[in-house]
Amino acid sequence: MDLRAEEVAPVGGAALDQVLGLSVGAAVVTAILLGIAWGHRTHRIQWFQRLGDSLQARTGEPGWSSIPALFVASSLVVALLGFLWDVSLHAGRGRDEGPLANPAHYLILYGLFALFIAGMSAIVYPRDGMKPGIASVRITRKWYAPVAGIYIAACGLYALIGFPLDDVWHRLFGQDVTLWGPTHLMLIGGAGLSTAGIILLHREAEFSDEWKGRGDNHAANVMHKLTLAMAFGGLLIGLSVFQAEFDFGIAQFRMVFAPMMIAAAAALTLIAARLYAGPGAALFAAFFFVIVRGVVAFIVGDVFGQASHVFPLYLGSALLIELLALSRLKDRPLLFGAVGGLLIGTVGTVVEKLWNDAVFQFPWTSDMWLEGLLMAVPVAIGAGLCGALFHLGLNGRLPANRWVGRTIVTLSILVTGGAVANGLAATVPDDAQATFEITETGTRDNPEILFDVTVSEGLIDDDPTWVQVTAWQGGGAGVVTQQLERTGPNSWTTTEPVPIGGNWKTLLRVQDGRMLTAAPIYLPADPAIDAEEVPASAEVTRDFVPEIEILQRERDLDTTPVLWSIANAVVLICSLAILAGICASVARVSGAIAREGERRRAGDTVGAGPKP
């Protein structure tokens, strides 16, 4: 059969003209922002101040809080759309011809710049020696900034740095067409974690002089509560983006990660939302997540015509937390967080399994169920405790012994890290093979195949996580996945035709316990990486190899291990620094609120003394 591959994109980093164009654009935007900041702080421009005053009249929050909230809201919605569109484009057509050739990148860049601007606007807005809130950080003798604003700006900068580093990464290690590439995690991690900063910024605003002087503004109070509730929904969205490959049905990692990541996002967000924002907040956050993700999924799949995806529901876990809050445990936040995390990791995971098996590409089978629970439950408990700590910090009630909070956060990170390490531990069988008997279907222009496959005896047990065929990156909405039908102890068959030819990459994928492996069926020639075509013959036997060798053909797997380890260690250190940043910010705000409470109580005590 004549299956010539179409022209493929280059590999190993962007063209220099695109790098130069992005650098010039970033420099121009930076110069404009610096000019606005200097003009505002020297009173040469007044429109920025008037914008803050206008938003304060509507929301009751000062400009250094309301302006960043506006930017964060727009940045996260646009960045989420761009991010999921980008994932669908990579799933459908493979790597880019360059960063400027992918339209989704423009949305992502806007979102990340807007996020950085949000943090910097909170830092720059206070002038003339004004102290924003009670936890402000002194920058110069007469310049103070809200600590949450500094954290949001750091998240934005961290995410923005990931964009040029991604190109450097490709030049060093080849193209990694996967969501979980280290620099990709910087992009989505910075944006996702910034939502915690906007919640903290709202809390700082509540202790500002502007907030105290807003009077009985019912509309402002309603807007403030609505914005806060949506911020928790935004946090749930931000913590859920790490699951996107599972949402698209093209996960390049073991299925045990899926319940763990869902439980972690649910426990931290929903427990903090219910404890801090009150009755119904957990359900509101879950509904907000479903609505926003549903709209984005519709736009990406139906409007843009790219690969479709689904997403977790979270409503079961939210209902569990709302019901738990009816008990007296609500008055003991840390215990509430631990019990809530346990419920989400167990009952909530079962509810998510019912949803997953109904709408996702591949079910959570008994093969991964026990290991999945052993990962999800402790991670969910740790996340629930962190959610409770977030609530306590927002109320100025962190444990008096600082080592309690530090120990909880540290152990939660270590437990999560251990679960991730366990999930990444996968095996590849030695000398295992798959023999395909292929029947051609379709047309010359759009060739498809049906096949029967027989694997080495005893390779796969009676209940594997999946035995599937995946065809992707064929162009357009080019993602086809199919669970194969078992026909014997070591044989399976397709139930519908699957595409080959052109740029399609078609392969058999197997996950059984820790075994994660694949065998190619058809792969196109790729001159950019000197890869020859792997043709789909009528009968052919292929070796099982690590999935990464097929799914990420563009990766340079011969890179020096030392360089690879150093590069990953740098990304890990930066990520831990961002986590340390939110912990330090919450602790600073909590301490300031506690001191303010003591001062007010002391004032009340003095005022209650006998009159002369």
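A: Gly316, Ser317, Ala318, Leu320, Ile321, Glu322 and Leu324 are the buried residues of helix H12, where buried means under 20% relative accessible area, exposed means over 50% and partly exposed lies in between, using a 1.4 Å probe and protein chains only. Because these make up seven of the 10 residues of H12 (residues 315–324), the helix is largely enclosed by the rest of the structure. Helices (H or I, at least four residues) and strands (E, at least two) are DSSP runs, numbered from the N terminus.

Before going on, please keep in mind that this is a predicted model, in which local features need pLDDT of at least 70, side-chain atom pairs count only at pLDDT 80 or more, and totals for chains, interfaces and linings use all residues. Residues are numbered from 1 along each chain as its sequence is written, and side-chain values use heavy atoms, with hydrogens and water left out.

What do the buried residues of H12 pack against? They pack against helix H10 (257–277), helix H11 (281–303) and helix H13 (333–359), with contact meaning heavy atoms within 4.5 Å.

Take H11 next. The axes of H11 and H12 come within 8 Å and cross at roughly 170°; axes are lines fitted to C-alpha atoms, for helices over the stretch in contact, and angles run from 0 to 180 degrees between N-to-C directions. The two helices, H11 and H12, are therefore roughly antiparallel to each other. The cut-offs here are under 35 degrees for roughly parallel, over 145 for roughly antiparallel and 65 to 115 for roughly perpendicular, with the rest oblique. On the H11 side the contact is made by Ala281, Ala282, Leu283, Ala286 and Phe287, and on the H12 side by Leu315, Ala318, Leu319, Ile321 and Glu322. By class, the residues of this contact of H11 with H12 are nine nonpolar, no polar and one charged. Ala, Val, Leu, Ile, Met, Phe, Trp, Tyr, Cys and Pro count as nonpolar, Asp, Glu, Lys and Arg as charged, and the others, Gly among them, as polar.

H11 also holds arginine 293. This arginine 293 is buried, with a relative accessible area of 1%. Leaving aside neighbours within four places in sequence, arginine 293 is in contact with Leu80, Leu84, Ser240, Asp247, His309, Val310 and Phe311.

A nonpolar core is a set of buried Ala, Val, Leu, Ile, Met, Phe, Trp, Tyr and Cys residues joined through side-chain atoms within 4.5 Å. Of the 126 residues in the largest one, Ile199 and Phe232 touch the most other members. H10 supplies the largest share of this core, 15 residues. Not counting residues up to four places away in sequence, isoleucine 199 touches Leu228, Ala231, Phe232, Leu235, Phe390 and Leu394. Apart from this core lies another, of 25 residues, among them Val455, Val467, Leu508 and Phe544.

Val467 also belongs to strand S5. All seven of the seven residues of S5 (residues 466–472) are buried. Both faces are covered, with Trp466, Gln468, Thr470 and Trp472 on one side and Val467, Val469 and Ala471 on the other. In a regular strand the side chains alternate between the two faces of the sheet.

S5 sits in an open sheet of five strands, ordered S6-S5-S10-S11-S13 with antiparallel pairing; two strands pair if DSSP finds at least two bridges between them. S6 and strand S13 (545–546) stand at the edges, each with a single partner strand, so one side of each is left without a neighbour in the sheet. Seven bridges join S5 to strand S10 (residues 505–512), where threonine 506 is the bridge partner of alanine 471. Five bridges join S5 to strand S6 (residues 479–483); there, valine 469 has glutamine 482 as its bridge partner, and tryptophan 472 stands opposite valine 479. The hairpin of S5 and S6 has six residues between the strands, and in this hairpin glutamine 473 takes a positive phi near 60°.
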